[in-house]
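Here are a few exercises on helix packing and pockets. Grab the viewer and work through them one at a time.

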Amino acid sequence: MGNALHFKRGAFFLYMIAGELTDYIESWSPPGAAWEKDNTGLQIGSRGTKIKNIMLCLELTDEVLKEAINKNCNFIFTHHPLLFNPVYKLDFEFNSTAKLIEKIIRNNVTVYSAHTNLDFAKDGVSFELAKKLKLTEIKFLQNLESNQFKIAVFVPETHLEQVSNAVFSSGAGIIGEYENCSFRLKGEGTFKGSEKSNPVIGKKNIFEKVEEIRLEFIVDQWNLNKVISSMIKAHPYEEPAYDIYPLKNRNVNFGAGAIGILKNEMSEEEFLRYVSNLLNTEVLRYCNGKNKVIKKVAVCGGAGSNLISHAINSNADAFITADIKYHEFHQANNKILLIDAGHYETEVLILNEVKKRIEELISNRSKIKVYKYTKTTNPIKFYKH
């Protein structure tokens with residue numbers, strides 16, 4: 001969706017609809033990158049909603065909705081989906097989720113969630129946690145894999161740029177920090193059209209030889225159909241010839257967790273205090289590490305205990321995540337300084353990056369404001385005596 005021009009009371013100003021904002025968010029964290037059982041994207045509302053103001057929160061609660069309404073926000077971004085499990089009944093009297101849904105609908109609020117797709121995105125949840133810890137040389141702890149394809153299409157040289165521009169504009173050819181990546185090889189194509197054919201080059205019923213370019217590029221699984229559609233539309237042939245190859249490659253653009261280097265090495269005690277201060281938490285669960293000096297640090301916002309072995313195999317001195325079980329601490333003891341810093345504490349940081357990106361998008365639309373929920377939605381309390 002592009003910018004929309006709206007007229008009111010004799011003055012022109014730019015407004016934004018929800019679909020434009022969600023498309024922008026998904027260009028960073030595409031839903032196709034999410035865990036297959038996740039429920040990301042539009043939760044309640046309409047893509048056509050004209051946005052007044054925007055509220056950001058980790059999860060949507062009744063208190064968040066109240067603050068959003070008070071600040072005239074009709075678009076709420078959440079990290080944790082409001083609707084994750086199937087809803088079979090909407091009992092507005094006794095069911096708390098149903099009552100919240102009723103309030104959302106009555107107040108014409110649109111709710112959108114970016115969950116594991118935002119976990120797996122570059123500069124997503126884990127990258128933001130790594131930046132908060134002031135790590136350098138940040139990269140994915142474990143790249144996603146087997147979710148890309150290579151397409152090879154055969155194009156007459158006269159239409160090469162037309163076809164390549166079409167596929168690049170559709171999201172193909174992105175490798176790390178590089179875009180418009182392709183390989184091109186000259187060759188000779190042959191064909192003979194039937195009586196019913198309508199060849200762009202040559203004549204029907206005549207065997208033809210044509211100088212063509214083999215154009216190759218990589219595309220993410222979730223963009224495959226879109227790229228193929230754009231490619232065929234831009235191709236001059238009535239029946240374009242192309243091949244699709246599934247790849248086992250690790251996707252350098254998406255992954256789980258992050259790993260980086262501390263500017264200055266620390267002792268375990270210094271590092272625990274450092275993490276506690278930066279994440280504003282007084283309670284850290286941890287087990288002893290292998291090295292007394294902490295320099296290389298792995299992180300995963302939220303529940304990332306499945307990455308403990310990856311952190312150890314990456315020679316990280318410490319691994320910060322959340323929701324670690326007792327036996328997982330046992331398995332990591334004396335192998336890595338394993339720290340459970342809390343689910344909320346390791347994920348809420350992403351709202352800063354979301355806010356920054358949305359404000360960049362709406363910089364020319366002064367009437368729209370972006371708010372972060374001012375309180376905490378963390379239900380966990382700590383008792384000290």
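Before starting, one convention: helices here are DSSP runs of H or I with at least four residues, strands are runs of E with at least two, and both are numbered from the N terminus. Keep in mind that this is a predicted model.

**Exercise 1.** Work out which elements each supply at least two residues of the lining of the largest pocket, and which one gives the largest share.

*Solution.* Start with the space itself: the largest pocket has a volume of about 720 Å³. Next, look at the middle. Of the 28 lining residues, Ser27, Trp28, Pro30, Ile174 and Phe254 lie nearest the centre. Now go element by element: helix 1, helix 6 (160–169) and strand 12 (250–267) each bring at least two residues to the lining. Helix 1 has the largest share, with 5 residues. Finally, sort the lining by class, and you get 10 nonpolar, 9 polar and 9 charged residues.

**Exercise 2.** Describe how helix 1 and helix 12 are oriented to each other, and list the residues that make the contact.

*Solution.* First, get the geometry: the axes of helix 1 (residues 18–28) and helix 12 (residues 350–361) come within 11 Å and cross at roughly 125°. Angles over 145 degrees count as roughly antiparallel and 65 to 115 as roughly perpendicular. The two helices are therefore oblique to each other. Then check the hand, which is right-handed. On the helix 1 side, the contact is made by Leu21, Tyr24 and Trp28, and on the helix 12 side by Ile350, Glu353, Val354, Arg357, Ile358, Glu360 and Leu361. By class that's 7 nonpolar, no polar and 3 charged.

**Exercise 3.** Find the element with the largest share of the lining of the second largest pocket.

*Solution.* This pocket holds about 490 Å³ of space. Its lining counts 22 residues, with Trp35, Thr116, Asp119, Phe120 and Asn306 nearest the centre. Among the elements supplying at least two residues each are helix 4 (116–119) and strand 14 (293–303). Strand 14 takes the largest share, 4 residues.

How values were computed: Residues numbered from 1 in each chain as written. Predicted model: local features only at pLDDT ≥ 70, side-chain atom pairs only at ≥ 80, totals over all residues. Heavy atoms only, no water. Axes fitted to C-alpha atoms, helices over the stretch in contact; angles between N-to-C directions. Parallel < 35°, antiparallel > 145°, perpendicular 65-115°, else oblique. Left-handed = near helix turned anticlockwise from the far one by under 90°. Contact = heavy atoms within 4.5 Å. Nonpolar A, V, L, I, M, F, W, Y, C, P; charged D, E, K, R; others polar. 1 Å grid on protein atoms, 1.4 Å probe; cavity = no way out; pocket = protein on both sides within 12 Å on 5 of 7 lines; lining within 4 Å. Points joined across faces, edges and corners; volume = space filled by probe spheres on them.
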